[in-house]
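Come along and follow the entries with me.

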Amino acid sequence: MKRLFTSESVTEGHPDKVSDQISDAVLDACLKEDPMSRVACETCCSTGFALIMGEITTKATLDIPSIARDVILDIGYNDASMGFDGNTCAIVVSLDRQSSDIAMGVDSALENKENSDGKDKYDEIGAGDQGMVFGYATNETDSLMPMPIYLAHKLTKRLTEVRKNGTLPYLRPDGKAQVTVEYDENDKPSRIEAIVVSSQHSDSAHTDMLRHDIEKFVIREVIDKDLIDENTKIYINPTGRFVIGGPHGDSGLTGRKIIVDSYGGYCPHGGGAFSGKDPTKVDRSACYMARYVAKNIVASGIANKCQVDIAYAIGVAKPVSVEVNTFGTSKLGNDKIKEIIGKVFDLRPSAIIDALDLRKPIFRKTTNYGHFGREGFSWEKTDKVDAIKALIK
């Protein structure tokens, strides 16, 4: 049967993304001076102010108000007429140290405490929290991402490009895109059923001009024309007006766009957000690792689709469970694939941090247009393909 699937993306000026970027900028500032920093930083923002809160243990010296203002201005909120201006907004900081109860489990994993001889360096730290994470990959796009979220991110990234490069100077930072893809009887993307793009704009921008320009300079520039037909529905600023936006139009909060950040709803989500968390938090680091595993499995040709599910207990290094689903697209059984994963990938938090080189200030760059499917990040490499193929018998 044919089916439809929809995913959305948001621009960097969306209030939740403003919050994510501030939190990750604080994390990067900590890691730049102290790679062993423990950070759980959240931000909320609304008209005229941003609140940075959470728990941070670090040797770094931080000017958090300046960090936040630089992020806000870089996004494009530099005028009080937008209701949010990095030059003048209030910055409130409420930060404490990481709980000693949590630190006790992270500093020394249960395995490290129980094993009196033959210490393994990757048993040194335990998971920073309990929980489950999911990684996913599919060969329906070159990036091995599901097509709906892949296209939605392309649209929002292009919205920001035409705003910042002056092509459409009347656009403002807040915006969203949504793409509905039709899959054929063979479960392959065949066409686009609907495209929705909403962009904040100046009060002087005429609706008809904006709709024409966004279709011409955004949608037609990034969407393959063969995917659009006479029945594709295109909605651009369907309310007719989007002047009040950003934190002035709606409050923002770190971690409220977890589906945008991951796979657009195409696979389950464990519920943990990414931004503002150092890599001892498996919500983030193990999600990256799960994507790394799934992508290498698909890139090796074992399966057309792969979902990896990993669960952890706080203070314990080894996962409590690992599960794989290839949705009937592999000739190998799931147990065999799990065996291969166990030989090629070490899923303990400290091993993940080493394998993906996560103690560097790289995290603000992850915040916009999805944490997955973008080149330049260690978890997007397919450097384990040969090792996987060598284990296929």
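Over which ring does the charged end of R3 sit? I looked it up, keeping in mind that this model is predicted. The charged end of R3 sits over the ring of Y183, 4.2 Å from the ring centre.

**Entry: counting pairs.** I picked F274 and F372, which form an edge-to-face pair. Their centres are 5.9 Å apart, and I wrote down 75° for the angle between the planes. I then checked where the two residues belong in the chain. F274 is in the loop between α8 (258-261) and α9 (282-299), while F372 is in the loop between α11 (349-356) and α12 (385-390). The pair links distant parts of the chain, 98 residues apart.

**Entry: buried or exposed?** I checked F274 and found a relative accessibility of 2%, so I noted F274 as buried. F372 is buried as well, with a relative accessible area of 2%.

**Entry: a stacked pair.** I turned to Y288 and W379, whose ring centres are 3.9 Å apart. Their planes are at 15°, which is under 30 degrees, so I called this pair stacked. Y288 lies in helix α9 and W379 in the loop between α11 and α12, so this pair ties together parts that are 91 residues apart in sequence. Both Y288 and W379 are buried.

Conventions:
Residues are numbered from 1 along each chain as its sequence is written. This is a predicted model: local features need pLDDT of at least 70, side-chain atom pairs count only at pLDDT 80 or more; totals for chains, interfaces and linings use all residues. Side-chain values use heavy atoms; hydrogens and water are left out. Rings of Phe, Tyr and Trp (its six-membered ring) pair if their centres lie within 6.5 Å; planes under 30 degrees apart count as stacked, over 60 as edge-to-face and the rest as tilted. Helices (H or I, at least four residues) and strands (E, at least two) are DSSP runs, numbered from the N terminus. Buried means under 20% relative accessible area, exposed over 50%, partly exposed in between (1.4 Å probe, protein chains only). A charge sits over a ring if NZ of Lys or CZ of Arg is within 6 Å of the ring centre and within 35 degrees of the ring normal.
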